[in-house]
Amino acid sequence: MSTPLKQIHLAAHFPGVNNTTVWSDPEAGSHIEFSSFAHFARTAERAKFDFLFLAEGLRLREQGGEIYDLDVVGRPDTFTVLSALAAVTDRLGLTGTINSTFNEPYEVARQFASLDHLSGGRAAWNVVTSWDAFTGENFRRGGFLPQDERYSRAKEFLATATELFDSWQGDEIVADQASGTFLGDARAGAFAHQGQHFDIAGQFNVPRSPQGRPVIFQAGDSEEGREFAAAGADAIFSRYSTLEEGQAFYTDVKGRLARHGRTHDQLLILPAATFVLGDTDAEARELAHDVRRQQVSGATAIKHLEFVWNRDLSAYDPDGPLPDIDPDPGEHTVARGRAQVRMYRDPLAVAREWRELAAANKWSIRDLVIETGNRQSFIGSPATVAETINSFVQADAGDGFILVPHITPGGLDVFADTVVPLLQERGVFRTEYEGTTLRDHLGLAHPGTETHRERAAS
């Protein structure tokens, strides 16, 4: 008896916080105007995607003491955008990245419960932490937390928010006009939490939402991040878009679930993926080469090299050789607010490796940044890309993909029009939504209505 084909999950990431987005392309639109978000969301819903995803940056990045403006700079507030999108979509899930380091559980729980109500059960929360004091300067607490404390706070933050979501069972509002009784339980929303990071008590003022709780996403790739996801997330993002790396990540994270009392299907693994489509594979490869040249301009290449060298390299020719001078491994970084700087723990070793690659391949600075940077995940004709995506999912390199087009807002259109129908023909992707909530789309159970009061009493 053959194994049933896995159903593929697809999501759409509205980009804009990294150099994936080619904002200078004539086809690119605004990253601020609501019409761009609406176009993108409607395309994703037309294609029956599971959800739309918004990343978030809490401070404008800097390099050399100046605002880094080679990428898109600035974006409207996540909750405002998602709430507006709830009014122009009917089934598409709405996922927002909200930080647990500089926010408070009551505030965030209230916002997500409200979004879940407004959208009819389509809210999801990507729980992240902030790692640097530079970002922390925007908040009254300031500073930052060491990695172990960041995840300790995040774990308690999520647990506290869950207590707030569960403080309503869902049947408290009776609204009996004849008797004049509105609430059937005067303790509705009551909560009390005392822990290392939070000591709060009161009554939560948003009744239980359609999903009970938002779907919980997690994007950390560290040991702490993987364990955090295995313990309580519904889905985890992955940056591994090759087959072998994807399978290794999938096996590692899924293998952690049992010790948290969870089953294999209670956590979805969704790698981020970029794509370039052409009428033929050869045409797609040519287009992909052009896109990479757009994404990595000469100025961008120099800035990326500065992440490693930690020096001002503006005098160097991006079409020339790598600098002879070694990186400055000091604590101060010229690139502030960028997660990429954490990838290069040993800049001297990275510089040696890159020099060897550049010499062996006769690469310029720009060539090196293009070749060693994130490349497009899927390149080819619609048939080739559909086959590759399906083969990755069936081989357990992921449960689906979060697609990141390089053009906003229209870059998703061609995928929706050409690749999705081929996946549907294969029987591995829905032709219609079967449920109304994001949990329905993702095949996740709706949380029970047992409250934290009942758990404490048991």
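This is a predicted model: local features need pLDDT of at least 70, side-chain atom pairs count only at pLDDT 80 or more; totals for chains, interfaces and linings use all residues.

Me: Is Thr97 buried or exposed?

Reply: Thr97 is buried, because its relative accessible area is 6% and the cut-off for buried is under 20%.

Me: What does Thr97 touch, leaving out residues up to four places away in sequence?

Reply: Thr97 is in contact with Phe53, Leu54, Ala55, Glu56, Thr78, Asn126 and Val128. With Leu54 there is also a polar contact: a polar side-chain atom of Thr97 is 2.8 Å from the backbone oxygen of Leu54.

Me: Which residues does the UniProt "binding site" annotation cover?

Reply: According to the UniProt record, an unreviewed entry, the "binding site" annotation covers Thr97, Tyr151 and Ser222.

Me: OK, where is Tyr151?

Reply: Tyr151 belongs to helix α5, which spans residues 147-165. Tyr151 counts as buried, since its relative accessibility is 12%.

Me: And which residues does Tyr151 touch, again not counting those up to four places away?

Reply: Its contacts are Gln218, Gly220, Ser222, Glu224, Gly225 and Phe228.

Me: Why does Asn103 count as buried?

Reply: Asn103 has a relative accessibility of 19%, and buried means under 20%, so it falls on the buried side of the cut-off.

Me: What lies 2.8 Å from a polar atom of the Asn103 side chain?

Reply: That would be the backbone oxygen of Asn99. Setting aside residues up to four places away in sequence, Asn103 touches Ile98, Val108, Arg153 and Phe157.

Me: New topic: how is the chain divided into domains?

Reply: Domain 1 takes in 9-278 + 381-456, and domain 2 takes in 291-372. Their C-alpha centres are 32 Å apart.

Me: How do β9 and β10 run?

Reply: Strand β9 (residues 190-194) and strand β10 (residues 199-203) run antiparallel and are joined by 5 bridges. The two strands form a hairpin, with 4 residues between them.

Me: Which residue does His193 stand opposite?

Reply: His193 stands opposite Ile200, which is in β10.

Me: Now the backbone. What kind of peptide bond joins Thr408 and Pro409?

Reply: Thr408 and Pro409 are joined by a cis peptide bond, with omega at about 5°. Pro409 is in the loop between β17 (400-403) and α13 (413-425). For background, most peptide bonds are trans, and most residues other than glycine have a negative phi.

Me: What is phi of Lys362 near?

Reply: Phi of Lys362 is near 55°, a positive value in a residue other than glycine. Lys362 is in the loop between α10 (347-361) and α11 (365-372). Lys362 is exposed, because its relative accessible area is 74% and exposed means over 50%.

Me: And what about phi of Asp396?

Reply: Phi of Asp396 is positive too, near 60°, and Asp396 is not a glycine either. Asp396 lies in the loop between α12 (382-394) and β17. With a relative accessibility of 31%, Asp396 counts as partly exposed.

Terms used: Residues are numbered from 1 along each chain as its sequence is written. Side-chain values use heavy atoms; hydrogens and water are left out. Buried means under 20% relative accessible area, exposed over 50%, partly exposed in between (1.4 Å probe, protein chains only). A polar contact is a pair of N or O atoms within 3.5 Å; within protein, one must be able to donate a hydrogen and the other to accept it, and residues adjacent in sequence count only if both atoms are side-chain atoms. Contact means heavy atoms within 4.5 Å. Domain bounds come from an automatic or database domain assignment. Two strands pair if DSSP finds at least two bridges between them. UniProt positions are given in the numbering used here, feature names are shortened, and annotations may be inferred rather than shown by experiment.
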